[in-house]
Amino acid sequence: MRRSPTPTASSSSSTGVPWMGIFSRTRDIIAANFTDLLDKADDPEKMIRMIIFEMEETLVEVRASAARTIADQKEMHRHTVKLDRLQADWGEKAQLALSKDREDLARAALVEKKKASDMADQLKAEIAVLDDALRAYEMDIEKLQTRLREARSRQTAIAARLESAENRVKLRTLLASERVDEAMARFNQLERRVDYAEGRADALSLADGRSQPSLADEISALAGQDKIDEELEAMKRALSGNADDSKEA
């Protein structure tokens, strides 16, 4: 960041702003490397909060300084207008004195006109310096806003990473604890009890003989019946054939 021009003594004393302190602080923040700061920090989340707070505070101060500079500039403009009028007034008085053959008074009037002109030139030079300062303020504010958006984005990312890490720690702690093993053992016991209850129900069904065959069992029985019928018919045909052979003999 380029160093903004230092305002004149009159403008800096009227605003009461530590100009170079603000410029130095702003330059340090703009040039800061967030990645290095966060990598070296013991608590990145706390560090990014401090960075954002510092940037917001500096942004407020820079804007306040810019506002005071604009006010000083407007006041200087009003003074230059008055000095321009004063120069014109002393010029008219010099002409009047000269027309009355009072060269001494005309010379004195021109001296006063020269004083007013010098003061106006000085104020205009200071206004030009403040113009440069305002342009520097505008650049600094834009850069600070960009860095602030970047810092807030980092803050969101860090918060998400921290939450994810904490959740993983909780999950791994839970999986590694004896309570999980105990819960799984109880679950196995519960499954065993369910198996035993279902076995008792099946056993009672077998004991009373009233169990109903399933659809698959009935279809299998039909298929078995067909095979028996076919085998019986084959045996009948065989017996009938033997009987016919004995008669012919």
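Me: Is D89 buried, partly exposed or exposed, and what is its relative accessible area?
Reply: The model considered here is predicted. Buried means under 20% relative accessible area and exposed means over 50%, with partly exposed in between. D89 falls in the middle class, so it is described as partly exposed, with a relative accessible area of 30%.

Me: Which side chain meets that of D89 in a salt bridge?
Reply: Side chains of opposite charge can pair when their charged atoms come close. For D89, the N to O distance in the salt bridge is 3.3 Å, and the limit is 4 Å.

Me: In which helix do K93 and D89 both lie?
Reply: K93 and D89 are four residues apart, about one turn of the helix. The helix that holds both of them spans residues 44-99 and is helix 4.

Me: With which residue does R102 form a salt bridge?
Reply: R102 counts as partly exposed, at 37% relative accessibility. The closest N and O atoms of the pair are 3.1 Å apart, and a salt bridge requires such atoms to be within 4 Å.

Me: What is the N to O distance in the salt bridge between K115 and E112?
Reply: K115 and E112 are three residues apart in helix 5 (residues 103-176), which means that about one helical turn separates them. K115 is partly exposed, with a relative accessible area of 44%, and E112 is partly exposed, with 29%. Their side chains meet in a salt bridge with an N to O distance of 3.6 Å.

Me: How many salt bridges does the structure hold?
Reply: For the structure, the number of salt bridges is eight.

Me: How many helices does the protein chain have?
Reply: Read along the sequence, the protein chain follows the pattern α-α-α-α-α-α-α. The chain has zero strands, and its number of helices is seven.

Me: What percentage of the residues in the protein chain is buried?
Reply: A residue is buried when its relative accessible area is under 20%. The accessible surface of the protein chain comes to about 18,200 Å², with 55% belonging to carbon and sulfur atoms. Of the 249 residues in the chain, the buried share is 21%.

Terms used:
Residues numbered from 1 in each chain as written. Predicted model: local features only at pLDDT ≥ 70, side-chain atom pairs only at ≥ 80, totals over all residues. Heavy atoms only, no water. Helix = DSSP H or I, 4+ residues; strand = E, 2+ residues; numbered from the N terminus. Buried < 20%, exposed > 50% of the residue type's maximum accessible area, 1.4 Å probe, protein only. Areas by Shrake-Rupley, 256 points an atom, 1.4 Å probe, with all protein chains shown as cover.
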